[in-house]
Amino acid sequence: MDGLRSWRGLALWMGLILLAGASPALADGGGMISASCLKCHNDYKDKANVVGGEFQSLSNQAKSIQVEVGDRNEVIKFNDNTKVENVPALKELKKPVPVMVYFEQQGSDRVATLVKAKPVIKVPEAQQLSVQQVQELMTKSPEQGKYLLVDSRPPAHYQEGHLAGAINMPFGNMPDMMDKLPKDKSTLLVFYCGGFR
Amino acid sequence: MAARLAEKNGYTNVKVFHAGVPAWTQAGLPLISTAQFVNDRLGYLVVIDTRGEAAAKQGHIQGAVAIPLDRIVKEKEQFPVDRKAYLVLYSDHTDLDKLAPVVKQISSWGYQRVFILDGGYQGWLKANGPIQKDLVRTKIFYLPRPHPGEITGDEFMNIVNNQPPDKLILDVRTLAETSAGMLPGAVNIPVDALSGRLGELPKDKEIIVHCRTGLRAEMGYNILRNAKFNTRFLNDKVEILENRVFCCFK
């Protein structure tokens, strides 16, 4: 009996080693967390079994979701046990919400145990400006109104379309760009990005 | 978050436009595109020269269509069917006040990507963007930019009809779907089983992935691409009825 058990154990280990070698996730040796996630979550860099990036799409028939990580998409399965955080349900996820997907390797599949959407940042109401307030502000030039609009999104989004007169300070690069802000520290700074969900 | 960082650096009057860009465009308010963005995407967006045909003849952005500002609303019929099409309006300079009402009008037709060129034609010249003289387009023409890895419907149907030996058509639909019929020469591996069955696929052929709508085909494409296969996918609809193939009506 003992001999049989150890033989089984050996076969199991060999199977695991083979599976690890065949894992498509590591095929190109690339990281599983996108560079933009790592800007704030650097501790995830070498974390195993997590994919981090922008949610792309969900297929109910394939029970899979796609997450963009750098220049490629990772496909991860989900099932009825997959938990979600910060959205009511998986099907409520909308492109391009950043997500962290915690998964288990089951055979050749990666099955999500938890899909964590990026939480909505809370800003005190007194500090928020509405569309109308921003519009009103923009009837004056930045010099006249003593204000500056700051677009916190990545450069590609800014290039595509930004509010007139806004400067681009991608959030991740902000510490190195503080000299772009006006010298007068009482200037009204209005930050905006892709909006809350 | 950005506002906190500014406060930490001593700024005393910091606000957040929390609703951001989506709310701004939803209100039909204009966004400004840089010359670099327009140049990078040239050919895959509708660039409208609002200065009129005479000015456009003197020089205009390559491929732009000349429609005078006061006529744009009357030309609604010739705008693209695709409401996600990129539309960029320009005048001599940014001319925000002049162009903003027209942007609002076009947005109200359902277009989600209507922009004003930063600096207008003068800014374009300064950025050394490509220009044309004389030959001015007066009819809107729009071509969406293909996504990486996509195959056109025409090339796909060519492969279906001619079965070239260096291509393999992979059908990633479920068994329930494929039992009603498959494309000639196609191999079926449902996308949810694909990662475990990569060994069945050849590395020396280009694998063309399709499903019923394009969504699962893209997933299949990404699984194959990450496993270093040579692959593309059809981002379009395919129906097979009584051995007849109906393709590409997305």
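This is a predicted model: local features need pLDDT of at least 70, side-chain atom pairs count only at pLDDT 80 or more; totals for chains, interfaces and linings use all residues.
**View 1. Strand β6 of chain B is largely enclosed by the rest of the structure.** The strand covers residues 86-90. How many of its residues are buried? The count is 5 of the 5, so the strand is largely enclosed. A residue counts as buried if 20 or more other C-beta atoms lie within 10 Å of its own.

**View 2. Both faces of β6(B) are covered.** On one side sit B:Y86, B:V88 and B:Y90. On the other sit B:L87 and B:L89. Each of these residues is buried.

**View 3. Strand β3 of chain B pairs with β6(B).** β3(B) spans residues 46-49. The two strands run parallel, joined by 4 bridges. Look for B:D49: its bridge partner in β6(B) is B:Y90.

**View 4. Strand β7 of chain B also pairs with β6(B).** β7(B) holds residues 113-117. Which way do these two strands pair? They pair in the parallel sense, over 4 bridges. Find B:Y86, then look opposite to B:R113 in β7(B).

View 5. The mean pLDDT of chain B is 94. 100% of the residues of chain B reach 70 or more. For the complex, the predictor gives an ipTM of 0.78 and a pTM of 0.74.

Key: Residues are numbered from 1 along each chain as its sequence is written. Chains are lettered from A and ligands numbered from 1 in the order in which they are written. A residue is buried if 20 or more other C-beta atoms lie within 10 Å of its own, exposed if 12 or fewer, and partly exposed in between; C-beta atoms are placed from the backbone. Two strands pair if DSSP finds at least two bridges between them. pLDDT is the predictor's confidence in each residue, from 0 to 100.
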